[in-house]
Number of protein chains: 2
Amino acid sequence: MEEKEISQAVIGRLPRYFRYLGELKDEGVERVSSQELSELMKVTASQIRQDFNNFGGFGQQGYGYNVEFLYKEIGRILGLDKKHNFIIVGAGNLGRALGNYMNFERRGFIFKGMFDKNPELIGEDVRGVRIMPLERLESFVRENDIDIAVLTIPKASAEEVAEKLAQNGIRAIWNFAHVDLNLPEGIQVENVHLSDSLMKLSYNINRYMHETGTE
Amino acid sequence: MEEKEISQAVIGRLPRYFRYLGELKDEGVERVSSQELSELMKVTASQIRQDFNNFGGFGQQGYGYNVEFLYKEIGRILGLDKKHNFIIVGAGNLGRALGNYMNFERRGFIFKGMFDKNPELIGEDVRGVRIMPLERLESFVRENDIDIAVLTIPKASAEEVAEKLAQNGIRAIWNFAHVDLNLPEGIQVENVHLSDSLMKLSYNINRYMHETGTE
């Protein structure tokens, strides 16, 4: 199936479809209509059909979609049928939380290395992966076919580390540092700015309190 | 200034403006034009003006905006001039990472309590806050004016805990559990689905490799 240029908004919704379809599959559900999926996911059925049409529609025939097929196809589109080696730079609590998250492995993301500048942490172990000094970062990325680097370091050093990673062939950066990275085209960046997310929550609390007079 | 209903897309961009303006302020910059802000943030100047017009435009007069004024105004819109007490449910690595993040305090988010079901963790301390058993959750929320609960627990228990929080007067949930919560209207939910974010990254890697023939 030929895939045309898909908007990032559509791409951003695919993991959620994948999650719901995985749950249906685990429950033994074989077919699902766009109407049922719509009620479950609280989006309109026409949004679902429109999203799926970007990928040829996934052949809804007779009653609804084949759950197993749809789950596999969306997984394939997301690249989850391939393996991606990743490293984590920054062995603080957040880095460790991500390193310990087993589910990434199930999706084909293989945890290969962890780095920190703090000498006291070197040699420690996070789920079988040794923490190495930052000086080892560049050669390790080159020699171990690393696709993805997770940055869980303060913003002051994030830009410099990201540039080193870019020069050594990294394909993507999952950035938790509180800064927007400027990297060469072709290096994918996905930002998780946690403070931004909390501020959005704060806005919505205050707007609601204001509207309902519960300040 | 009367605030009309603002789209969540605009709200979602405010924290990023706030971040850049804070940096300009720290650098001693007094005025900034939408053109300069545009180059810095890599969004169009017309997008910036359009976003700001939702709030009356912030009075760009002569040369550009007053940085300090704009920073304060956006902070006020985001509710950062008010204090919000928060608790964290789930004392694993991710919960601890968020508990240890000092910057939240600077923005008015006050860390008040931490809860876990694991008896071995009870009584431990995260940045001066004691870990309490889950049985204490409901009374603590009622008695300590808690606005926000951060959920860093597995999805199996997230729905049940969220319902208890809702029944005891929580205003907002910052949800890191890998499930969409169904809560009464008026309770604000902001989801951080980390796996979804990683899958989006995976899609973009694979699309790029496909396009450039570097698979």
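**View 1. The contact between chains A and B.** The contact draws 44 residues from chain A and 44 residues from chain B; two residues are in contact if their C-beta atoms, placed from the backbone, lie within 7 Å. On the side of chain A that touches chain B, α9(A) gives the largest share, 14 residues. Elements of chain A that give two or more residues to this side include α1 (8-26), α5 (93-99) and β8 (172-175). Helices (H or I, at least four residues) and strands (E, at least two) are DSSP runs, numbered from the N terminus. The model is predicted: local features need pLDDT of at least 70, side-chain atom pairs count only at pLDDT 80 or more, and totals for chains, interfaces and linings use all residues. Residues are numbered from 1 along each chain as its sequence is written, while chains are lettered from A and ligands numbered from 1 in the order in which they are written.

**View 2. Symmetry of the two copies.** Chain A superposes on chain B by a rotation of 180° with 0.0 Å of shift along its axis (RMSD 0.0 Å), fitted by least squares on C-alpha atoms of residues with pLDDT of at least 70 in both. The copies are thus related as by a two-fold rotation axis. They meet through the same surface, because 100% of the interface residues of chain A are also interface residues in chain B.

**View 3. Around A:V89.** Leaving out residues up to four places away in sequence, A:V89 touches A:F115, A:L137, A:A149, A:V150, A:L151, A:T152, A:I153 and A:V161.

**View 4. Chain A overall.** Chain A has 9 helices and 9 strands. Its C-alpha trace spans about 60 × 50 × 35 Å along its principal axes.
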